[in-house]
Amino acid sequence: VKKNDTAFKNMVPAKLHDSSFNALMTIFIKDTDQNITVPSGTYSCFVYQFGIDDVPGEIGYISTAIGPIRKEFYGGKSNAGELYLESIRELISIK
């Protein structure tokens, strides 16, 4: 996978109370070699963005040597149209 590639893109049908809707889910590879520093150290990571329509639900940083390093969870857009960050999970230590 190369930087700025779309790793997965698909229409996902769902039924709720005899109605149906479609959501466009996309996993977008933002970078393939970004250094990220967390409490357990600094790691070279690839960065992916997972979202529905134009709202990223999650931005993840994954080291090929270690695995998930950091995840940022976004709750949507504010009334002003800006994304807001709900929570962050980071790798604290390696045993």
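Among contacts in the protein chain between residues at least 6 apart in sequence, what percentage join residues at least 24 apart? In this model, which is a predicted one, the figure is 25%.

Let me turn to the overall layout, where the protein chain contains six strands and zero helices, so that, by the assignment of helices and strands from DSSP runs, reading along the sequence gives the pattern β-β-β-β-β-β. Of its 95 residues, 26% count as buried, and the accessible surface comes to about 6,600 Å², with 51% of that belonging to carbon and sulfur atoms.

The largest nonpolar core is made up of ten residues, namely Ile36, Val38, Tyr43, Cys45, Val47, Ile59, Tyr61, Ile69, Tyr74 and Leu91. Two or more residues of this core come from each of strand E2 (19-38), strand E3 (41-52), strand E4 (55-63) and E5, and E3 gives the largest share, three residues. Val47, one of the core residues, touches Ile59 and Tyr61, and its other contacts, leaving aside residues up to four places away in sequence, include Phe28, Ile29 and Gln34.

I would like to finish with Arg70, which lies in strand E5, spanning residues 67-77. Is this arginine buried or exposed? Arg70 has a relative accessible area of 15%, and it is classed as buried because that value falls under the 20% cut-off. Its side chain is joined to that of Glu90 by a polar contact of 2.4 Å. Beyond residues up to four places away in sequence, Arg70 touches Ile36, Val38, Ile59, Gly60, Tyr61, Ile88, Arg89 and Glu90, and among these Ile36, Val38, Ile59 and Tyr61 belong to the nonpolar core that I described.

Notes. Residues numbered from 1 in each chain as written. Predicted model: local features only at pLDDT ≥ 70, side-chain atom pairs only at ≥ 80, totals over all residues. Heavy atoms only, no water. Helix = DSSP H or I, 4+ residues; strand = E, 2+ residues; numbered from the N terminus. Buried < 20%, exposed > 50% of the residue type's maximum accessible area, 1.4 Å probe, protein only. Polar contact = N/O pair within 3.5 Å; in protein donor to acceptor, adjacent residues only side chain to side chain. Contact = heavy atoms within 4.5 Å. Core = buried A, V, L, I, M, F, W, Y, C linked by side-chain atoms within 4.5 Å. Areas by Shrake-Rupley, 256 points an atom, 1.4 Å probe, with all protein chains shown as cover.
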